[in-house]
Amino acid sequence: MVGTQIDDRRWYGRFDKKEILAKTGGICACCGKQLTIDTMTIEHVIPISRGGLDGFSNTIPLCYDCNQLKKNTLYLPAWFYSAITGTPLLNQLNTMFTEWFKTVKDDFDIEMFPLVTPRANLEIAYMPKDMTRFRKKQKSKKGTPQTNILQWHYTGKDYMDEVQTVTGIDLREMRKRVGSIISDNNPPVAIYTCRKLTTNKILCMAAVAMDIQKKSAVISLEWSELPRMWQGSIHFSILELYYDIMRMCEYDIRSLMFAMPETEDNWRCLYMIMNESLPRMGNRIPRHMEAWVTTLRHSYTDAKYIALNMAIHTPEESRHMLEMENAYNMVEEAKKDLSKRIKEQNKQKGDT
Ligand SMILES: [Zn+2]
């Protein structure tokens with residue numbers, strides 16, 4: 001059902017177009033360009049071919065270029081319609097999307113589904129050395145449309161050869177290897193590439209695998225030629241996307257591994273993600289989460305990876321963990337207290 005094209009679009013008159021354009025106050029929901037009834041195109045938030053309705057609530061204005069870029073792909077509204085960030089309209093679209101997603105949840109396959117695609121733009125991705133000055137600049141820019149520079153793409157069959165040539169990685173082997181990190185049952189593995197929009201150059205590749213039965217998932221950054229200043233935030237963007245999918249699908253995933261080849265830059269990235277980016281994610285990450293960094297050597301290639309491991313606990317489990325932690329702390333306190341007393345006693349003995 002997911003891949004079939006049903007062409008039953010209705011014809012939109014000028015009056016309909018005017019009403020749709022008014023939704024965004026006359027701009028393209030994606031790039032923010034000013035539009036007129038003649039230059040706008042009508043976008044179906046959930047493509048009709050994927051079961052979206054051809055009604056007013058499922059439409060939004062896009063410029064021609066952005067509509068071409070989106071085609072039939074499914075995007076999370078929050079990731080794609082960056083020009084309407086923070087508006088009630090975007091919230092509405094997200095709710096609609098979430099409701100719809102529940103209806104296809106069982107068909108969802110991370111490999112076969114021409115998935116929601118994360119979109120990262122320069123404003124999010126650019127991490128200069130001086131964050132304070134950067135934030136100030138960001139504030140003063142408020143309200144102006146963001147320019148998208150980088151974008152994650154789902155890598156379907158059409159792009160496999162290209163990705164293989166650019167990265168020099170055997171994608172079939174890679175899929176097997178990444179899948180085997182979490183499961184023996186050959187779980188589906190989706191490949192994403194991050195490209196620079198102006199040149200279409202591939203800058204980064206990630207593989208994502210999920211095993212619903214085992215409640216585990218892995219994101220593996222297999223290849224990257226990203227400029228240093230973008231690395232941390234681009235890597236983080238795919239982790240964020242993952243959380244959005246999990247949240248939207250209400251998948252019960254308990255363990256997530258975020259792995260990348262062991263390099264000095266990647267160590268830096270992981271620590272940045274763990275100490276700066278994750279804490280800032282607020283309500284988007286599960287509440288009962290435990291995160292730690294490990295290294296692993298993969299049995300197939302002997303390549304060394306570093307991994308950020310995240311275990312998500314149920315409220316009961318985390319209550320239990322908290323109790324354990326409290327008990328542990330009490331024991332530690334008692335130990336300290338005891339050694340202090342012993343020291344004092346010895347000192348007294350020495351004095352007398
Ligand atoms: Zn546009």
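Y251 sits in the loop between helix α9 (228–249) and strand β7. Helices (H or I, at least four residues) and strands (E, at least two) are DSSP runs, numbered from the N terminus. This is a predicted model: local features need pLDDT of at least 70, side-chain atom pairs count only at pLDDT 80 or more, and totals for chains, interfaces and linings use all residues. Residues are numbered from 1 along each chain as its sequence is written.

**Around Y251**
- Y251 is partly exposed, because 15 other C-beta atoms lie within 10 Å.
- The scale runs as follows: buried is 20 or more other C-beta atoms within 10 Å of a residue's own, exposed is 12 or fewer, and partly exposed is in between, with C-beta atoms placed from the backbone.
- Leaving out residues up to four places away in sequence, Y251 touches I212 and M246.
- Contact here means that the C-beta atoms of two residues, placed from the backbone, lie within 7 Å.
- K215 is 36 residues from Y251 along the chain, and their C-alpha atoms are separated by 8.3 Å.

**The sheet**
- Seven strands form an open sheet in the order β3-β4-β5-β6-β7-β9-β8, with mixed pairing.
- The edge strands, each pairing on one side only, are β3 (150–154) and β8 (289–297).
- From one strand to the next, the twist averages 20 degrees.
- Two strands pair if DSSP finds at least two bridges between them.
- β8 and β9 (residues 304–312) pair in the antiparallel sense over nine bridges.
- T295 has I306 in β9 as its bridge partner.
- Helix α10 (residues 264–280) packs on the sheet and touches β7 (255–261), β8 and β9.
- The direction of α10 makes about 15 degrees with that of β9.
- Axes are lines fitted to C-alpha atoms, for helices over the stretch in contact, and angles run from 0 to 180 degrees between N-to-C directions.

**The cores**
- A nonpolar core is a set of buried Ala, Val, Leu, Ile, Met, Phe, Trp, Tyr and Cys residues joined through C-beta atoms within 7 Å.
- The largest nonpolar core has 46 residues; C204, A206, A207, V208, A209, V218 and F258 touch the most other members.
- Strand β5 (residues 202–211) gives the most to this core, with eight residues.
- Beyond its neighbours within four places in sequence, C204 is in contact with residues including T193, L221, W223 and I234.
- A second, separate core of 22 residues includes L62, L76, Y81 and F97.

**The whole chain**
- The protein chain has 11 helices and nine strands.
- Of its 352 residues, 29% are buried.
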